[in-house]
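Dear colleague,

Please find the structure below, together with its sequence. My findings follow it, and I would be grateful for your comments.

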Amino acid sequence: MTTIYSPRIHNLGDFIHVFPTLSGFYKKYGKFSFGICPRLKRFNGLVDFLMYQDMFTEVFFFGDRPLETQYIVVDDTGDTEGNCGEAYIQTKYYNFFKQNYPDR
């Protein structure tokens with residue numbers, strides 16, 4: 001089972017832009033476990049909403065359970081190279097993922 005963490009993205013505006021990257025991962029590898037920033041707890045029903053997306057086996061808040069030994073991190077610190085008109089933050093997520101996990 002693959003676990004993906006998004007440990008520091010704590011506002012919905014930036015968080016929602018991670019979904020194109022996660023969707024691509026899901027389409028290629030299947031469902032995965034997803035750990036999100038604990039600061040997102042302030043949005044009631046977020047975990048339930050995410051579970052309706054059918055790409056997660058579970059959604060939990062980072063730090064609520066022990067860290068997995070093998071995991072993938074998705075973050076917004078990638079560059080914006082190759083942007084084709086989509087939101088820059090989406091390009092940053094995608095490039096971070098491709099730079100840090102080139103075999104995926």
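Which side chain does a polar contact join to that of D76? The partner is R8, with a distance of 2.3 Å between the two side chains in this polar contact. Please bear in mind that the model is a predicted one.

D76 lies in the loop that runs between β4 and α4. Its relative accessibility is 16%, and D76 is therefore classed as buried, the cut-off being under 20%. Leaving aside residues up to four places away in sequence, D76 is in contact with R8, I9, I89, K92 and Y93.

D14 counts as partly exposed because its relative accessibility is 29%. With residues up to four places away in sequence again set aside, D14 touches I9, I89 and Y93. I9, I89 and Y93 are also among the residues that D76 touches. In sequence, D14 and V74 are 60 residues apart, whereas their C-alpha atoms are 12 Å apart in space.

I turn now to helix α4, which comprises residues 88–100. Its 13 residues should span 18 Å at 1.5 Å a residue, and the end C-alpha atoms are 18 Å apart, so the two values agree. The buried residues in α4 are I89, T91, Y93, N95, F96 and F97. Among the elements that cover these buried residues are α1, α2 (19–29) and β4 (72–73).

With kind regards

Methods. Residues are numbered from 1 along each chain as its sequence is written. This is a predicted model: local features need pLDDT of at least 70, side-chain atom pairs count only at pLDDT 80 or more; totals for chains, interfaces and linings use all residues. Side-chain values use heavy atoms; hydrogens and water are left out. Buried means under 20% relative accessible area, exposed over 50%, partly exposed in between (1.4 Å probe, protein chains only). Contact means heavy atoms within 4.5 Å. Helices (H or I, at least four residues) and strands (E, at least two) are DSSP runs, numbered from the N terminus. The expected span of a helix is 1.5 Å times one less than its number of residues. A polar contact is a pair of N or O atoms within 3.5 Å; within protein, one must be able to donate a hydrogen and the other to accept it, and residues adjacent in sequence count only if both atoms are side-chain atoms.
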